[in-house]
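Dear colleague,

Please find below the structure that I am handing over to you. My notes on its aromatic rings and its surface charges follow.

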Amino acid sequence: MAAKMQYRGTGRRKSSVARVRLIPGKGVITINKKPLDEYFRIEMVKSEVKRPFEVASCEGKFDVVATVTGGGFTGQAGALRHGISRALCMASASDYKASLKAAGFLTRDPRMKERKKYGLKKARRASQFSKR
């Protein structure tokens, strides 16, 4: 019995990490053992996860099995997008890499939360100033 071909990719965004497996299939997306519609309720976030398939024009060719940890739902969606894009490049770099790179899906978003500084309430928020 031959094992099914799998393509793996790790995506990161803010403090979220997504471990993605692409398996040739019908286009079913499973995140943390839940279907996409159940895990992400907001339509904009769902479309963000599906964008790499639209850009690479391979909708319905791969099933996605992903494990996502950390952060909020938008960060997790960004991490998934990054992981799916990387896995698609593993599947066939010659077919998908150019279009995914042009869309900016292979670039890790470096923006992170700024650290809190001493003497301030938050990263930049100081206590209110009063002359008297």
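A residue is called buried under 20% relative accessible area, exposed over 50%, and partly exposed in between. By this rule Tyr39, with a relative accessible area of 23%, is partly exposed. Please note that the model is a predicted one.

The aromatic rings come first in these notes. A pair of aromatic rings is described by the distance of the centres and the angle of the planes. The structure holds 2 aromatic pairs. One of them joins Tyr7 and Phe62 edge-to-face, with 6.2 Å from centre to centre and 85° between the planes. Because Tyr7 belongs to strand S1 (residues 7–13) and Phe62 to strand S5 (residues 62–69), this pair ties together parts that are 55 residues apart in sequence. Tyr7 is buried, at a relative accessible area of 17%, and Phe62 is buried too, at 9%.

Tyr39 and Phe40 also form an aromatic pair; its geometry is edge-to-face, with the centres 4.9 Å apart and 85° between the planes. How do the two partners stand towards the surface, buried or partly exposed? Tyr39 is partly exposed, as stated above, whereas Phe40 has a relative accessible area of 2% and is therefore buried.

I turn now to the charges. Which residues form a positive surface patch? The patch consists of Lys113, Lys121, Lys122 and Arg125. Among them, Lys122 is located in the segment that follows helix H4 (93–103). Its relative accessible area is 56%, so Lys122 counts as exposed.

With kind regards

How values were computed
Residues are numbered from 1 along each chain as its sequence is written. This is a predicted model: local features need pLDDT of at least 70, side-chain atom pairs count only at pLDDT 80 or more; totals for chains, interfaces and linings use all residues. Side-chain values use heavy atoms; hydrogens and water are left out. Rings of Phe, Tyr and Trp (its six-membered ring) pair if their centres lie within 6.5 Å; planes under 30 degrees apart count as stacked, over 60 as edge-to-face and the rest as tilted. Helices (H or I, at least four residues) and strands (E, at least two) are DSSP runs, numbered from the N terminus. Buried means under 20% relative accessible area, exposed over 50%, partly exposed in between (1.4 Å probe, protein chains only). Patches are made of residues with over 30% relative accessible area and no salt bridge: like charges are joined within 9 Å, nonpolar side chains (Val, Leu, Ile, Met, Phe, Trp, Tyr) within 5 Å. Accessible areas come from the Shrake-Rupley method with a 1.4 Å probe; for residues, only the protein chains shown count as cover. A salt bridge is a side-chain nitrogen of Lys or Arg within 4 Å of a carboxyl oxygen of Asp or Glu. Lys and Arg count as positive and Asp and Glu as negative; His and the chain ends are not counted. The place of a charge is taken as NZ of Lys, CZ of Arg, CG of Asp or CD of Glu.
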